[in-house]
Amino acid sequence: MKIYAPWEKAFKKISTPFEHFLHAQTTTGIILLLMTVLALIFSNSNLNEIYNNVLHTKIALHVGSWSISHSIHHWINDALMAIFFFMVGLEIKREILVGELSNIKLAILPILAAIGGMVLPALIYTYFNYGEVTQAGWGIPMATDIAFAIGALVLLGNRVSAALVTFLVALAIVDDLGAVMVIAIFYTEQIHIMPLALAALSFLILVVFNRFGIHAVLPYLIVGTVMWFFMLESGVHATIAGVIAAMAIPSKPKFTPVDFTAHSRNLFDEFDNYPVTTDNQMHENQKAILQGIKNNIDAIRSPAARLENALHLPVGLLVIPLFALANAGVSIDFSSIADTILKPVSLGIISGLILGKVLGIAGVSYLAIKLKIAKLPEGSTMSQIFGVSFLGGIGFTMSIFVADLAFIGNEELIFQAKVGILLASLISGLIGFFWLKSQSN
């Protein structure tokens with residue numbers, strides 16, 4: 001008998017078209033929480049010096065006279081996170097082509113709610129920091145951490161409808177798209193034309209691969225890596241290469257379902273024509289036929305679907321946890337924590353993620369429903385949307401990422417931002433979880 005972890009039991013109660021995606025995000029949320037706690041322990045113990053020394057250790061790659069050298073922290077944020085953004089791009093593309101965002105009638109509510117949930121927090125943050133150098137952090141409270149938010153909702157099990165889970169997934173995907181655009185447009189300080197042109201040429205090659213029907217994954221990964229390097233050199237944040245590369249990955253399978261059935265049936269018939277040996281060993285030709293069946297299975301799934309499925313585990317168990325471990329470490333002086341929270345940066349982020357997200361998501365949703373522009377997700381209530389809007393205030397991964405870009409080189413402002421993000425995400429998550437839990441009592 002298989003034994004399930006608590007979050008897996010909750011997951012099994014939800015019936016949605018993307019169960020694997022939800023399962024991956026829920027598991028990621030659990031691990032992300034553990035790594036965040038670990039980072040805080042490292043930063044507030046005798047291990048702090050070792051922790052920082054490891055993060056600042058340089059790792060260099062040399063090829064002849066060419067070399068590239070960055071700290072471990074830099075490699076995590078610029079290289080590993082490019083893989084995370086690549087998967088984000090694949091998720092965005094899937095949702096637009098065949099997911100909840102492909103039907104405008106279903107998509108209009110999460111799209112409008114996501115826009116409200118981005119604009120209001122940015123405005124509230126700007127109110128606290130207007131005219132100051134810290135105003136550059138306006139993009140920090142715009143983000144929603146999809147893993148934490150969905151993880152909290154899925155843990156509620158059948159207390160919430162599948163449509164409400166879908167609403168949050170679609171909202172978070174639109175939110176991710178907005179965050180990517182903000183990073184690309186507003187957090188690029190200096191652009192070097194030649195590397196950017198070479199990155200554009202790399203993307204064009206990926207598009208040509210797509211148009212010529214190349215379904216093998218390896219060519220896309222090779223050229224995508226080259227594009228990442230040129231993007232790194234261009235001044236545009238290298239992780240954007242991940243999202244752009246995802247847009248070029250084919251989303252149509254090589255075989256139609258009818259072709260798959262016909263080809264596979266012929267192969268199974270051929271496989272059965274070989275006699276069974278006394279020791280139940282396969283004939284060499286049967287091994288080749290099995291490989292052909294495997295190739296058919298791969299061919300009926302698009303490269304985008306195969307990559308997204310393959311990346312969920314390494315991104316969820318390695319990339320995002322390493323990012324949390326490297327970036328969530330905050331040395332907290334509890335004697336001055338109140339002063340830090342009242343700084344314009346922290347106050348703007350806390351107000352933006354808690355108040356701004358609720359006003360933006362729930363407020364815009366209420367107006368859209370009242371004006372009959374959209375309708376409530378099936379089986380849900382406006383009170384539940386209110387609870388979900390608090391979960392939208394869990395900014396964590398994206399918010400920390402934007403904070404590092406907004407205040408690059410200013411450790412004090414980054415510290416204030418991280419304190420605000422961690423506190424606001426904790427408060428938002430707890431309020432949202434217990435509010436939604438209370439709705440079923």
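The questions below concern this predicted model.

Q: Why is His70 called buried?
A: Its relative accessible area is 18%. Buried means under 20%. The value falls under the cut-off, so His70 is buried.

Q: Where does His70 lie?
A: His70 lies in strand β2, which runs over residues 66–71. The chain has 2 strands and 18 helices.

Q: What makes Trp75 and Leu232 contacts of His70?
A: A contact needs heavy atoms within 4.5 Å. His70 meets that cut-off with Trp75 and Leu232, and also with Thr57, Lys58 and Ile59. Neighbours within four places in sequence are left aside here.

Q: How far apart are His70 and Ala60 in sequence and in space?
A: In sequence, 10 residues separate them. In space, the distance is 6.5 Å from C-alpha to C-alpha.

Q: Why is Thr134 called buried?
A: The relative accessible area of Thr134 is 10%. The cut-off is under 20%. Thr134 therefore counts as buried.

Q: Where is Thr134, and which residues does it touch?
A: Thr134 sits in the loop between α5 (104–129) and α6 (146–154). It touches Tyr125, Asn129, Val345, Phe407 and Leu413, with residues up to four places away not counted.

Q: What share of the chain counts as buried?
A: Of its 441 residues, 50% do. For these residues, the relative accessible area is under 20%.

How values were computed: Residues numbered from 1 in each chain as written. Predicted model: local features only at pLDDT ≥ 70, side-chain atom pairs only at ≥ 80, totals over all residues. Heavy atoms only, no water. Helix = DSSP H or I, 4+ residues; strand = E, 2+ residues; numbered from the N terminus. Buried < 20%, exposed > 50% of the residue type's maximum accessible area, 1.4 Å probe, protein only.
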